[in-house]
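Please read the following walk through one protein model with the sequence and coordinates open. The paragraphs take up a loop residue, then strands, then helices.

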Amino acid sequence: MGILVPVTEERESSAAELAIVMAGVSNVFESLGRAIVCLSPHFQIVHTSDGIDALFGTGAAREILGKQAQDVLGDDLFGTGGTMRKALADGERREGWGATVRIGSRRPRLVSISGAPMQHPPGTPCDPQVAYVLVVRPGESEDGSGSSATTLFSGLIGRSRSMLQTFHLIENLEESDATVLLTGESGTGKEVVARALHVHSQRRNKPFVAVNCGALPGELLESELFGHVRGAFTGAVRDRVGRFEAAGGGTIFLDEVGDLPLPLQVKLLRVLQERSFERVGESTGRESEARVIAATNKNLRREVDEGRFRDDLYYRLRVVPIEIPPLRERREDIEPLARHLLVRVNSRHNRNLRLSPDALESLLQYRWPGNVRELENALEYAVAVTRGDTIHLQHLPAEVRESGSAATGETPPSAAEAPPDADSGERQRIVETLQAHQWRRADAARALGMSRTTLWRKMRELGLQD
């Protein structure tokens, strides 16, 4: 057992002495089933212990030496604005954050990562190029309770038992091409789960194609899914490749599949049964190689009973069902989600805001009918209206603010009690967005994450004239 150290001729002797010292430390951690990874100030991997080989296979430790942490441990934790990267750069420690790590072509593995800034007391044999130390251990060593460890998994984040079970199920499906049906309320992250299923599959290097089945009328959706030939209908001036064909041997994600009209349900059933389809206006069948992942926020069993959805298609789609619970049923996920999303929002706005205890308590008390999407929008609002370094209760949207006040028995801050920068901050944000889009309200509303009606109402309330 030892530790790998990149060595130049000029520092070969000192590096050898350092390697002896670090090998002893490495042996202690490896006897406990842990591995060590040391990072430079720029988050480059400068030392690794042989424990990485024990986790990922022979040669893995040497393979990651010299690489950037984000290329090995993932963008969610160590990319620009990554949760753990930001914490370490700010001088903070993080313990027990889960992540799925893939080294080369090896099988991905769920691990738990703890990290801290490296201390350099005078006179100690510490490598000055080491700025941060990570301790890596198998994620399977968790007790499975979901009570403490926060896991980042291919864009998903959670510590609740239900989410950890979902992560493990996705891992177990890696060798499978089975059709998956994702169910859950709007905003729970069904498309993120679909992308995770694709990334953790044998099709990961092939296209991922998403289609919102509720966004287009039936006649246009058929062409969108299956393509059309020239002259198939008015306006079809050239052949067009559909989404099934574009997905090739990859994955096609059918979002809001419960909104498919019955005639298209028949065509989709044929694709699933016979692995073939026809372009609109064409009689020649084409082979479909794509894996199908579907999602809906509707109760498809009820839709079947009421005659709006075919029962044979329902069972064809529901080979592997995955239900994503709403945020109010996994409240232990709210805090890590909020902190992770705040890092992302801060990065977009070049800010470095933190949540105060009262703001965090309000987030924990609110029921989040819009789920994770609503949580991110609330943090986007808070960052826009906060002028200091900390997000307080009064900086949150009114409905969230009121839930926090009800929980503490306090009177919710009124508009008059809110900091004077709240309205002016939102006004400035809306004006800047409108100006950036030449006062086109539809484009500005989309950029602000709100409907055109909401934007128009806010413009009237703030006295804005275009």
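Contact here means heavy atoms within 4.5 Å. The structure is a predicted model, in which local features need pLDDT of at least 70 and side-chain atom pairs count only at pLDDT 80 or more, while totals for chains, interfaces and linings use all residues. Residues are numbered from 1 along each chain as its sequence is written, and side-chain values use heavy atoms, with hydrogens and water left out.

Start at Thr188, in the loop between strand S9 (180–183) and helix H8 (190–199). Helices (H or I, at least four residues) and strands (E, at least two) are DSSP runs, numbered from the N terminus. Leaving aside neighbours within four places in sequence, Thr188 is in contact with Ile324, Pro325, Pro326, Arg330, Asn371 and Val372. Thr188 is buried, with a relative accessible area of 5%. The classes are buried for under 20% relative accessible area, exposed for over 50% and partly exposed in between, computed with a 1.4 Å probe on protein chains only. The side chain of Thr188 also reaches the backbone oxygen of Glu185 at 2.8 Å. This is a polar contact, a pair of N or O atoms within 3.5 Å; within protein, one atom must be able to donate a hydrogen and the other to accept it, and residues adjacent in sequence count only if both atoms are side-chain atoms.

One of the residues that Thr188 touches, Asn371, belongs to helix H16 (residues 371–385). Asn371 is buried, at 0% relative accessibility.

Next come the strands. Strand S6 (residues 132–138) has 5 of its 7 residues buried, so it is largely enclosed by the rest of the structure. Two strands pair if DSSP finds at least two bridges between them. Strand S2 (residues 35–39) runs antiparallel to S6, joined by 5 bridges, and Val37 stands opposite Leu134 in S6. Strand S5 (residues 109–117) also pairs with S6 in the antiparallel sense, over 7 bridges. In that pairing Ala116 faces Val133 of S6.

Strand S4 (residues 94–101) pairs with S7 in the parallel sense over 3 bridges, with Trp97 opposite Thr150. Strand S8 (residues 156–158) is joined to S7 by 3 bridges and runs antiparallel to it; here Phe153 stands opposite Leu156. The hairpin of S7 and S8 has 2 residues between the strands, and Ser154 takes a positive phi near 50° there.

Helix H11 (residues 262–274) has 13 residues and reaches 18 Å from its first C-alpha to its last, close to the expected 18 Å. The expected span is 1.5 Å times one less than the number of residues. Its buried residues are Leu264, Gln265, Leu268, Leu269, Val271 and Leu272. They cover an arc of only 155° around the axis, which puts them on the same side of H11. The arc is that of the directions from the helix axis to the C-beta atoms. On the other side of H11, Pro263 and Glu274 are exposed.

What do the buried residues of H11 pack against? Their partners are helices H9 (218–226), H10 (243–247) and H13 (311–317), together with strands S13 (251–255), S14 (276–277) and S16 (291–296). Although not a glycine, Arg275 has a positive phi of about 60°. Arg275 is partly exposed, at 30% relative accessible area.

Cysteines close the tour. A disulfide is a pair of cysteine sulfur atoms within 2.5 Å, and the structure holds 0 disulfides. Cys38 is buried, with a relative accessible area of 2%. Cys213 also counts as buried, at 2% relative accessibility.
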